[in-house]
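Here is a friendly walk through one protein chain, meant to be read with the structure open beside you. Take a moment to turn the model around before reading on.

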Amino acid sequence: MEIDLSPKLAKKVYGGNGGAYYAWCPNELPMLREGNIGASKLALEKDGFALPRYSDSAKVAYVLQGNGVAGIVLPEKEEKVVPIKKGDAIALPFGVITWWYNKQDTELVVLFLGDTSKGHKAGSFTDFFLTGTNGIFTGFSTEFVSRAWDLEENVVKTLVEKQSGSGMVKLDAGVKMPEPKQEHRNGMVLNCEEAPLDVDIKNGGRVVVLNTKNLPLVGEVGLGADLVRLDGGAMCSPGFSCDSALQVTYIVRGSGRCQVVGIDGKRVLETTVKAGNLFIVPRFFVVSKICDPDGMEWFSIITTPNPIFTHLAGSIGTWKALSPQVIQAAFNVSADVEQQFRSKRTADAIFFPPPK
């Protein structure tokens with residue numbers, strides 16, 4: 001596979017005094033188009049309001065920073081006004097309408113990763129705005145709007161002409177928005193920083209996996225996700241997705257070295273990844289990371305709601321399952337070398353602490 005796998009940063013698409021919207025471009029990160037994956041970020045300043053919209057793609061949203069409010073309307077359902085905070089993951093199926101609001105001093109930043117296989121452009125999200133200068137009301141004629149909503153023509157003109165923002169606006173400080181309800185989080189949101197750990201390795205790392213068990217809506221989205229936090233100097237065991245899923249990774253915090261090995265045993269990527277980078281591991285390719293002394297944290301989506309991984313090291317690694325004679329024959333080594341190879345990693349781990 002001759003394709004550039006280098007990690008990339010997002011670029012600003014639009015914005016104003018309410019905030020900005022960023023996206024990763026499939027021309028710069030070809031694996032987005034190859035894997036039919038979209039990736040973007042919404043950053044809202046204080047009083048920033050991201051106007052109501054729906055998308056051509058199912059997504060998982062992850063709150064990278066700040067606290068805010070999300071309005072979520074599932075098809076034929078009532079609006080849920082959800083308090084959101086750093087670490088929250090939200091599954092957004094097809095047809096869902098959302099709006100986002102930040103009333104705090106700290107910038108609210110939300111990451112979106114999703115499947116564009118049914119979208120208008122492979123590797124890119126297309127949002128459809130209900131309001132704003134590029135909203136649906138600006139496209140329909142006055143006659144159509146008047147008849148659809150049974151409004152007088154002068155009211156229709158007011159509705160259209162008063163829309164001044166595109167995508168997002170900054171609200172006046174005194175504007176009252178709906179108060180979020182804690183109970184609306186149930187079944188809609190999972191905080192990955194507070195959820196029970198699926199993996200916890202002392203001095204190694206921790207993992208929370210987002211799947212149909214802890215957030216059933218991901219089944220409708222068709223995506224799984226995980227939050228991985230690696231301690232300083234620790235290593236993530238070489239492994240691959242064994243159910244043909246793609247893994248799309250955003251580095252939330254820290255930095256480290258990453259290697260990816262592909263077809264014919266060729267190393268197709270060797271790079272340093274850092275906060276803000278997005279990179280994609282092709283199907284069945286083997287990836288491993290060693291983080292820098294300050295540790296590293298990343299959020300990934302996997303293109304199946306209940307992903308399965310094969311790890312190649314540690315007591316749960318494939319080599320532990322193979323018989324000694326097979327390993328000796330495959331490597332063409334003596335029994336002594338095979339024994340050393342097999343016995344070195346005995347811990348039931350996918351993360352390895354730094355060498356002592």
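In what order do the seven strands of the open sheet lie? The order is 1-2-3-10-5-8-13, and the pairing is antiparallel. At the edges you will find strand 1 (11-16) and strand 13 (189-191), each of which pairs on one side only. From one strand to the next, the twist averages 20°. Please keep in mind that this is a predicted model.

Within this sheet, you can look at one pairing in detail. Strand 2 (residues 19-23) and strand 3 (residues 37-44) run antiparallel and are joined by five bridges. To find your place there, look for Y21, which stands opposite L42 in strand 3. As a reminder for viewing such strands, side chains in a regular strand alternate between the two faces of the sheet.

## The chain as a whole

Now zoom out. The chain contains seven helices and 23 strands. Taken along the principal axes, its C-alpha atoms fill a box of roughly 90 × 40 × 35 Å. Of the 356 residues in the chain, 48% are buried.

UniProt, in an unreviewed entry, lists residues 3-157 and 195-339 for "domain: Cupin type-1". In the model, the span of residues 3-157 is 12% helix and 45% strand. The end C-alpha atoms of that span lie 50 Å apart.

Is strand 9 (residues 97-101) mostly covered or mostly uncovered? Strand 9 is mostly covered, with four of its five residues buried.

Strand 4 (residues 48-55) pairs with strand 9 in the antiparallel sense over three bridges, and here F49 stands opposite Y101. Strand 6 (residues 67-73) also pairs with strand 9 in the antiparallel sense, over five bridges. In that pairing, G71 stands opposite W99 of strand 9.

## A nonpolar patch on the surface

Which residues form a nonpolar patch on the surface? They are I136, F140 and F144, and together they have about 300 Å² of accessible area.

F144 has a relative accessible area of 52%. The cut-off for "exposed" is over 50%, so F144 counts as exposed.

## Two residues with positive phi

F284 has a phi near 70°, a positive value in a residue other than glycine. You will find F284 in the loop between strand 20 (278-281) and strand 21 (286-302). Its relative accessibility is 47%, so F284 counts as partly exposed.

The other residue is N332, whose phi is near 60°, again a positive value in a residue other than glycine. Where is N332 placed? N332 sits in the loop between helix 6 (324-331) and helix 7 (335-343). With a relative accessibility of 69%, N332 counts as exposed.

Technical notes. Residues numbered from 1 in each chain as written. Predicted model: local features only at pLDDT ≥ 70, side-chain atom pairs only at ≥ 80, totals over all residues. Heavy atoms only, no water. Patch = residues over 30% accessible without salt bridge, like charges linked within 9 Å, V, L, I, M, F, W, Y side chains within 5 Å. Areas by Shrake-Rupley, 256 points an atom, 1.4 Å probe, with all protein chains shown as cover. Salt bridge = Lys/Arg side-chain N within 4 Å of Asp/Glu carboxyl O. Buried < 20%, exposed > 50% of the residue type's maximum accessible area, 1.4 Å probe, protein only. Pairing = 2+ DSSP bridges. Axes fitted to C-alpha atoms, helices over the stretch in contact; angles between N-to-C directions. UniProt positions renumbered as here; feature names shortened; annotations may be inferred.
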